[in-house]
Amino acid sequence: MRTWVLFGVLVTVGLIFLTCDAFPSNEVYALKNFREAIYEDPHLVFSNWNALDSDPCEWSGIFCSMARDHVVKINISGASLKGFLSPNLHFISSLQELILHGNVLISTIPREIGLLKNLKVLDLSSNQLIGPIPIELGNLSNIIKINLQSNGLTGKLPSDLGDLKYLQELRLDRNKLKGTLPASNGSNLTSSARGMYVSGAKPTGLCRLSQLKVADFSFNFFFGSIPKCLNYLSKSSFQGNCLQAKDPKQRSTALCEGTPPAKHHSVQINNKHRSVEGRARHQSSSKPTWLLVLELATGVIAGSLLLVAILTAIQKCKNKSSIIIPWKKSASEKDHMTVYVDTEMLKDVLSYSRQELEVACEDFSNIIGSSPDSLVYKGTMKGGPEIAVISLCIKEEQWTAYLELYFQKEVAELARINHENTAKLLGYCRESSPFTRMLVFEYASNGTLYEHLHYGEGCQLSWTRRMKIIIGIAKGLKYLHSELDPPFTISELNSNSVYLTEDFSPKLVDFESWKSIIARSEKNSGAISSEGAICVLPNSLERRHLDIQGNMYAFGVLLLEIISGRPPYCKDKGCLVDWAKEFLEVPEVLPYVVDPELKHFKYEDLKVICELVNLCFHPNSSSRTSMKDMCAMLESDIDTSITAELKASSLAWAELALSS
């Protein structure tokens with residue numbers, strides 16, 4: 001009798017809590033954590049993800065059950081999300097479909113995904129995931145489809161995938177997987193049995209997948225023979241490997257002599273036994289110990305429990321509106337992060353010690369630039385070149401494994417850039433005591449274009465010299481946008497990101513690309529724009545990532561800045577773009593755009609530049625001319641030879657006549 005009384009009490013308490021907070025808080029937490037691990041959202045998928053909202057069913061890409069009490073599907077595909085896959089997604093226990101195809105997810109597949117017992121579809125294809133396939137995926141007892149194609153996954157294929165008795169589709173092509181295909185036919189297994197054994201030894205590995213209809217293992221580094229139980233699959237499913245197969249086309253012997261680079265070191269931040277403890281807690285919470293308590297409890301205790309529960313529920317409802325949950329990881333949550341760091345990608349990039357950079361930069365006293373995020377030092381290597389050293393201003397306790405992996409990826413990204421009009425990354429520095437993260441670039445001795453245009457040295461920049469600088473910038477952008485694969489974009493393209501050599505040749509430098517994740521770690525950085533820096537002060541630029549169209553718009557602003565000598569924005573004169581529009585639309589007044597410090601200019605050149613500016617500012621970003629075409633226009637229509645400069649200046653001709 002007492003048991004039934006207490007059962008009724010617990011039901012009542014449960015109803016009270018459900019009335020106050022119907023949606024599971026752990027699922028909301030998991031989604032917020034997922035969003036926090038994404039640091040670039042160019043298509044603003046998360047624009048309606050409200051951090052204070054306890055009901056996520058209306059959020060973009062989130063699908064709930066009919067009763068709106070659980071998340072059953074996450075589908076955010078082709079959104080170019082850049083970041084990490086949060087391990088806390090396993091708290092969404094009712095999740096049936098996780099589809100994140102076509103983004104830029106990096107790091108490894110969290111092993112916690114294997115805890116999603118209701119998951120039927122897992123699609124993480126066309127990302128940049130690295131590391132091995134977790135053996136825990138073999139625990140996805142209801143999975144029907146797994147698609148991990150077009151990533152950078154390494155290691156051996158887990159035989160545990162053979163435990164997925166409902167699996168119908170398995171796509172692992174275009175990765176760096178190696179080893180043999182884990183499949184054993186059993187003694188009397190025939191190829192037509194598709195994993196079903198008749199007698200003798202029981203099949204293992206992939207041969208146990210009796211429901212498997214589609215599988216693709218192509219373009220990896222698998223070796224050995226194709227299991228007979230998989231002969232029913234298309235021959236193309238095995239091509240591009242190192243298999244002993246006559247029909248499917250395999251890799252050359254030279255490519256198969258070794259294995260692809262796959263040295264990944266696990267960086268763990270404290271709490272190494274998280275998964276063990278988590279399982280222990282899960283097991284203990286599932287034990288029916290409350291039945292013993294119910295049998296021993298008295299009616300008085302039951303009444304007390306009911307009273308306490310009611311008071312707690314009422315208090316919770318009253319305080320709910322005052323709870324603020326920011327998009328920021330707590331310290332305890334950060335301690336649980338486990339991320340693979342790929343040191344192999346830095347094998348060709350020179351690593352400097354802090355000590356040798358300290359000597360080169362005169363004890364880090366030679367500061368030539370600063371921002372809230374970084375300091376820039378000038379130095380000279382012993383017997384080597386002049387260097388610019390960019391040091392991140394971040395405390396060690398704020399540094400996470402995610403930030404470490406992102407830093408290394410940015411180093412590798414910058415290291416692949418090599419063009420006469422881009423600054424070359426010479427190396428990096430990564431030390432823990434004292435905490436140091438630095439980038440080392442070649443130094444351009446003439447300072448920034450911004451300094452020459454706005455600090456009283458504009459007289460050094462003749463019209464022809466400015467045209468040469470514009471053409472050099474265009475060449476650099478053409479290289480970054482169309483000659484690199486994948487393309488590279490300058491995060492903050494402006495006159496401060498253009499350095500000049502002794503002969504005033506421009507060098508594009510991207511000091512800002514890796515700072516966006518630091519801003520994300522400190523606060524919610526808000527919306528990400530693709531229109532570039534329009535009307536902002538050079539020293540207070542919003543940290544953002546620019547796509548190619550954003551670079552094009554910023555190039556238009558930069559063209560105006562170069563020919564006018566005016567900054568993009570100033571308090572007295574306002575926004576450069578707004579000021580220039582009235583002149584750009586009327587050819588007769590175009591000369592008013594030109595820097596008054598210039599004694600002469602070529603009107604034909606000015607028309608070409610203003611035409612390009614209008615193309616850069618086209619309201620439809622998809623209709624803007626490519627940098628390749630713009631560069632061709634500049635090189636064909638603008639003459640930067642000495643003869644052209646002499647012809648353009650009657651004063652120069654007079655001086656030439658006097659000297660002859």
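Predicted model: local features only at pLDDT ≥ 70, side-chain atom pairs only at ≥ 80, totals over all residues.

Guide: Residues are numbered from 1 along each chain as its sequence is written, and side-chain values use heavy atoms, with hydrogens and water left out.

Visitor: How many helices and strands does the chain have?

Guide: Both kinds are DSSP runs numbered from the N terminus: helices are H or I with at least four residues, strands are E with at least two. Counted that way, the chain has 29 strands, and its helices number 18.

Visitor: Is Phe238 buried or exposed?

Guide: Start with its place: Phe238 is in the loop between strand 16 (221–224) and strand 17 (242–243). Buried means under 20% relative accessible area, exposed over 50%, and partly exposed in between, using a 1.4 Å probe and protein chains only. Phe238 has a relative accessible area of 2%, so it is buried.

Visitor: Which residues is Phe238 in contact with, leaving aside its neighbours within four places in sequence?

Guide: Contact here means heavy atoms within 4.5 Å. With those neighbours set aside, the list for Phe238 is Leu181, Phe217, Ser218, Ile226, Leu230, Leu233, Leu243, Pro248 and Gln250.

Visitor: What separates the C-alpha atoms of Phe238 and Lys249?

Guide: Along the chain, Phe238 and Lys249 are 11 residues apart.

Visitor: Why does Asp363 count as exposed?

Guide: Asp363 is in the loop between helix 8 (354–360) and strand 21 (367–370). Its phi is near 60°, which is positive in a residue other than glycine. Asp363 counts as exposed because its relative accessible area is 60%.

Visitor: And Ser107, is that one buried or exposed?

Guide: Look in the loop between strand 6 (104–106) and strand 7 (121–123) for Ser107. Here too a residue other than glycine has a positive phi, near 75°. The relative accessible area of Ser107 is 3%, so this residue is buried.

Visitor: What is omega for the cis peptide bond that joins Ser433 and Pro434?

Guide: You'll find Pro434 in the loop between strand 24 (425–432) and strand 25 (435–442). The bond between Ser433 and Pro434 is cis, with omega at about -5°.

Visitor: Last one: what share of the chain's residues count as buried?

Guide: The chain has 660 residues. Of these, the buried share is 48%.
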